[in-house]
Each structure stands twice: as C-alpha cells, then as structure tokens.
Amino acid sequence: MPLTFYRKPGLVVYVTCGDPDLDTTREIVLATIEAGADVIELGVPFSDPVADGPVIQRASERALKRETSLGQVLTLAAEVRQHAQSTGLIVFSYLNPILRMGMDKFCKVARAAGVDGALITDLPVEEAGEYLRAMRAHDLAPVFLAAPTSPDERLKRIAAASRGFVYAVSRTGVTGARHQLADDARKLVRRLRRVTKLPIALGFGISTAEQFAEVGEFADAVVVGSSIVETVERNRGREAAAVGEFVRELSAVSPQMSAHSR
Amino acid sequence: MAALEELEREYEKAKRDRKFQARLEQLLRTYAGRPTPLFFARRLTEKLGGAKIYLKREDLLHTGAHKINNCLGQGLLVERMGKHRVIAETGAGQHGVATATVCALLGFECVVYMGTEDMRRQELNVFRMRLLGAEVRGVESGSRTLKDAINEAMRDWVTNVRTTHYLLGSVLGAHPYPTMVRDFHRVIGREARAQILQAEGKLPAAIIACVGGGSNSIGIFYDFLKDKKVQLIGVEAGGRGEALGDHAARFRGGSPGVLQGTYSYVLQDSGGQIALTHSISAGLDYPSIGPEHAALRDSGRAEYVPASDAEALEATTLLARTEGIIPALESAHAVAEVLKLAPTMKKSEVVIVNVSGRGDKDIGIMRENLRID
C-alpha cells in the first residue's frame, strides 16, 4: 500500500507502542484512523531516546517496563493492517533494536505485516547504505528527517534517498509540544520544495488546531506526536476515545477532505 | 549533522594551524602542568617481584585527571568557532570539572549534565563545578548515570546547536569526536614514550590503562600502536558480578550496536535495549566503548580484561600504602591489573600504568567500602 495523503493537509500520527499496553495502542491507532489519520507512525520504545523530549521519554519508559519489543510492534502492525487497508503504516524506531533484529529480517517481517515504510531516528542518510538496499529489496519506503540546520546539499541528499514523504522537523530540538511555530518551519519547507517532489510532512511541537491549520497552508501533511502521547498519558481508561476526540478537534479546521475506503 | 561537519572542518583547520597548536601547547604547559612525570614505583616493583613498574602521573594534572587535555583543545576550538555556550556530560565529574575550569579560563557559559546517582557518589566534584561557575543539571531519567547525562546533553545540543558547543569528554559519539578527543590526549603516550626511552633505554613490554569511554587509554596507547612488541592492555569495570547489569565490561557480554551516535560494542539485551551497568567507579560505568578500542580489540592489537570493584578497592589501598599515591577508583582498575601481571613478567621488563586521575573525589566511596583502622 503506497503512502498516500487523502486529506489536505494530510495527517500523520505518532504513537508510542506499548503505552500503557499493546492492546490499548491498537485501539488508539484504530480510533485515530477512524478520526481521519492518513499515516500512523508506530513508535518502538527505546531505552535511550536521545531525540525525544520528556513526554515521549516517559511513554517509552512505561512501554519498556512491560517489555514492549520491536517484534511485538510488527505484530501490532499486522493486526492494524487487517482493519485498515488504506492507511499508511510506518515503523518509527531508533537504530539499535533494528540492528539487533537484523536489517533484512526486519524488512522481511515488516513487509509481511503490511508495513509501508520506516523512519530510523538516529540513522543519518550518510550512514544509510545497507538500510536503503534492504528497504528497496523489500519494497519499503525509507522516510528521513530534514532539519532547519541542514544545508541545501544535505536536503538534496535526504530528498534523493527518501520515499513516500519527507519529514521536515519544524525547529531545532527534540520532540515536544510548543506554543509557537518557529519561522524555521516555513523556510525549511520552501527549501525542500526546491529539491523534491515528494509530499512534505512537518512535525515537532504541533498541538493545537491553529498550528495545524497554519502548517497546512505550506506543508502537505502535519505530524502530531507528543500531543497524542500526552493525551494518552492524561486519559487513563479512555485513551482511544480521548485521542479520537483530540484528532478530530485538531484537524477540524482542515479545508479539504476526500472520502476514502477503509 | 551540520554542526558535526562544522566541527570537523574547524578541527581540521586547527590541526594545521601553528598558532593554534602553539597556544594549546602553552596552556597545557603553563596552565595544566604538562609534561606529567613518569614515576618509577620502586617499592611496588619490589613487592610484586616482577617487571619494573612505572606510573604515568596524569593524576598530577590541573583538576586532578587527564580530562583537561581534551577540554583545553576543544575550548580553543570553541573560541575559533565564535560560540559562547558550552555544555558537557560527566560521569565521575572529572570531565565536568575540567570543562567548568576551561570555561572559567576562556570566559564561556557552562552547563554540565550529570546523572543524579553520580551526583550523589561524587559530591566533591559537583561542588567544584558550581564553585567554578558552571550550572550542574541533574538527570533523573534512565539509570541516572553517564549514559543518561549524555542523552540530556545531546538533547540540549540539538536544541541550541547554533550557539552552543557540546564538549564531549571521551572518545565516543559521532565523528569527529572519537578522533578529535583521541588526538587531544595523544600527548600522554607521546610523553611516556620519550620518558621511558630516557629512563630505561628501551620500550615497555606492556602498557595498562583503565577504559570507560576510552580517552586516557587511547591517549597513552596511540603513540605505541606502531611498536608491535608493546602489549596494550585496557582494563574494564568488572563490577560486582558477571550478570548483565552487574558490570560495565563491554567486551565480556557486549555485542555490536549503536548508542548515542557511535557503532561499537554495547551491553544490550536481546531486543536491542541498552543494558544498565554497574561499577564502583562512575567514570567506567558506561555500556558502550570508544570505537577505536573495538577496532584494536578485534584486530588483536590490544586486549581488554576486567577488574572487579573489590579488586579496584584493594589496589587503591595498596598503591596508597606502597607508593603514597591515592588513585581515582577508575585508575585503580589499571593498578589492579598490574598487581596480577607484573609478577608474571621478567625483572628486566618494564610495564607502564596510566594513573588517569587522583582519588580525592572518591573519599566518600572509599570510606563506605574500606575498613581503615
């Protein structure tokens, strides 16, 4: 299933799998799809989430206490895929758990589960040779992060290696909701448009409907992560419903939406 | 990546800049106290009855450990790059103190990240950093030790990368850090080689150093790499046992993995989660190891052995009473190994032990663990 954005702007939702447990994560994901998400990033918890702020750090710690593994996340992906044929599914992980499983084995299992692509947080495009070969061999889309501090040459390299979409990071820093969208964001998307025709999804720090609408004006899709994870944290016992409500509120100001089959 | 590339560029330029090198050499000499002595430990040699033991006295350097070699080098780079804010991680606190020291010397804002568990066991150094004007931020996540401090320092760096330099304290992290930090510590081995040739007219049969991240050890090993007959021995933290979580011996139970920007041997579980580690010495308590050490071990050029908490404590007391030197608990691991090795060597052979730091910071731990009557 190719990664497709049916809405404009498209909606990409990140969840930390296993927080509070895998069954709840599955419910949350399905509720999110119901509320209109185009792509789900299935976050694999890691012991040392260096690119994440406190919200996702806490979620990862909780998920790891229950020994949530990469293998379990892939099983979850297969379960989600059974219920959602047209939603994009991306495995979002740090490199080490994938290395431990084996690059080829990971790609094989991911493909079989119906996963569409992956984003490895701490694997820069410069070090991605083996990864790109394995992903291509298994028809999976490698998604990379583009930062505001990346020079044009590097953005070109990132764009060339990317498939599906390019994930533009809105500001320097780690994941986490912020009140104001930085100027960095528009500039970065502008620079990316010069080097890629792929859809550009913008993320990091988006938590309100205003920010969602604003980003929707210049990016093709909006990524929401920490605010979803925080919603899960704050709504024990009714996580899926709360996330569904939050997603609907967030994307309510969206100008266009076309019907799509499930 | 952009910051790493900028750093690499500046470093390469500085390497070739004679004025930079001269200024660094002058600071190492007039401020830090280089060259450090290579001391013949006569009583220890006699007691063990084997090889002649020489001690490379990095503990005599300003701030009490080898760390300042790298801090001065990177400090001058920060000046070159025109940045004004420096951040660092620290385990035992020696790198934090050396960073705070250099920031006071050169006039930079300084923030040091330290695991709250380490802050508790290395209180003296926390106070020193604050006295020197640095802000010490405790890190509560994970194991609350070195790797967690590194995570937090990295988070700060990616957020403030335009104004801030991350003064990494060991031969870890993404390129160019492992190479650059090693280069700044090469002076240890360069001096030791000249000193031993002058003292004994020949090269040592073996060199022993403790290995946490691996900076003091690679610093003393490097200029001897080409001397194939010189055995290079790195000593890791054997902790309190062999089970995962009870030690920090990466070459005993670790496997290739990626942590904090480096591909090297890592102590990890079957799912690729990084393992918790233990050592009585905060500076050795780290689940990965400098990649150059991984390469040296895989090629057979260097070998790595563990020393336990108990052995390190015993070595501390022995060195204190035999030579009047109280080593840092990290360095005591190297001393523990020479206690085993020297008696098996010929009296005509020479072995050098790198005393990477002094033990004042560990008085609290020593008091808890040693029965001193």
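## A tour of chains A and B

Select helix H13 (residues 329–341) of chain B: this helix lies across S2, strand S7 (206–210), S8, S11 and S12 of chain B, at about 145° to S7(B). Contact here means heavy atoms within 4.5 Å. Axes are lines fitted to C-alpha atoms, for helices over the stretch in contact, and angles run from 0 to 180 degrees between N-to-C directions. Helices (H or I, at least four residues) and strands (E, at least two) are DSSP runs, numbered from the N terminus.

The model is predicted: local features need pLDDT of at least 70 and side-chain atom pairs pLDDT 80 or more, while totals for chains, interfaces and linings use all residues. Residues are numbered from 1 along each chain as its sequence is written, chains are lettered from A and ligands numbered from 1 in the order in which they are written, and side-chain values use heavy atoms, leaving out hydrogens and water.

**The sheet of chain B**

Six of them form an open, mixed sheet in the order S1-S2-S12-S7-S8-S11; two strands pair if DSSP finds at least two bridges between them. Strand S1 (38–40) and strand S11 (302–308) of chain B are at the edges with a single partner strand each, so one side of each has no neighbour in the sheet. On average, neighbouring strands are turned by 25° against each other, direction ignored.

Zoom in on strand S8 (residues 231–239) of chain B, which runs parallel to S11(B) and is joined to S11(B) by 7 bridges. Gly239(B) stands opposite Ser308(B) in S11(B).

Then pick helix H9 (residues 177–200) of chain B, which lies across S1, strand S2 (52–57) and strand S12 (350–355) of that chain, at about 140° to S2(B).

**Two cis peptide bonds**

Go to Pro176(B), in the loop between strand S6 (164–166) and H9 of chain B. The bond joining His175(B) to Pro176(B) is cis, with omega about 15°. Another cis bond joins Arg34(B) and Pro35(B), with omega about 0°; Pro35(B) is in the loop between helix H2 (18–32) and S1 of chain B.

**The interface**

Finally, show both chains. In contact are 27 residues of chain A and 28 residues of chain B. Which side chains meet in a salt bridge at 3.5 Å, N to O? Select Asp184(A) and Arg162(B); a salt bridge is a side-chain nitrogen of Lys or Arg within 4 Å of a carboxyl oxygen of Asp or Glu. The count between the chains is 2 salt bridges.
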